[in-house]
Amino acid sequence: MKKLLSIFTLFALLATNTYSQETNEQAFEIKVITSVESIVPSGLGRSRIISSNDERNYERFTSARTEDNATRNKSKRKDIRLKNFEETKLLNLFNLGGIRFQNIAANDALISSKLTAMLSEGWNLMFVTSAVESNAGGDDDNGIFITRYIFKRRLH
């Protein structure tokens, strides 16, 4: 019985050790894809799918403020801005006649194509979040519909 208990304990320790190493060593990367669709009447806006090809470490542009330390992060905008990104043209949601349903269908096809490509590259879609920006005043003629697709995949 002692032998059986010893073997079981040894097996449990090995399994736990193996599992904990796997868990501790798992690393993921996150990728955000953003679609911006213009809701400016007459088709005057710009609509795109945007995907960054560069990485930024947020810590470089972050400061922690406390009661004793009110120091702001002095990063320059040019250091945050990047020029290496993928831009896919989309159609505007409005034209001179109003809502253009063919444009919506075309945008859906392009966004679906991008999401399918991401999934085939091993990315897993975690979250989707959308928002509309518009001043909504009496002369409201500006606005965008923005959607962020947040993906995750395991690093190899």
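A residue is classed as buried when its relative accessible area is under 20%, as exposed when that area is over 50%, and as partly exposed in between, with a 1.4 Å probe and protein chains only. The structure is a predicted model, in which local features need pLDDT of at least 70, side-chain atom pairs count only at pLDDT 80 or more, and totals for chains, interfaces and linings use all residues. Residues are numbered from 1 along each chain as its sequence is written, and side-chain values use heavy atoms, with hydrogens and water left out.

Side chains of opposite charge can pair when their charged atoms come close. With a salt bridge taken as a side-chain nitrogen of Lys or Arg within 4 Å of a carboxyl oxygen of Asp or Glu, a search of the whole structure gives three. Helices (H or I, at least four residues) and strands (E, at least two) are DSSP runs numbered from the N terminus.

Glu86 and Lys114 form a salt bridge with an N to O distance of 2.6 Å. Because Glu86 belongs to strand S3 and Lys114 to helix H3 (residues 101–120), this pair ties together parts that are 28 residues apart in sequence. Glu86 is partly exposed at 34% relative accessibility, whereas Lys114 is buried at 16%.

Strand S3 (residues 85–90) also holds Glu87, whose side chain meets that of Arg48 in a salt bridge at 3.2 Å, N to O. Glu87 is partly exposed, with a relative accessibility of 42%, and Arg48 is buried at 19%.

In the salt bridge between Glu29 and Arg153, the closest N and O atoms are 2.8 Å apart. Glu29 is in strand S1 (residues 28–38) and Arg153 in strand S7 (residues 144–154), so parts 124 residues apart in sequence are tied together. Glu29 is partly exposed at 22%, and Arg153 is partly exposed at 22%.
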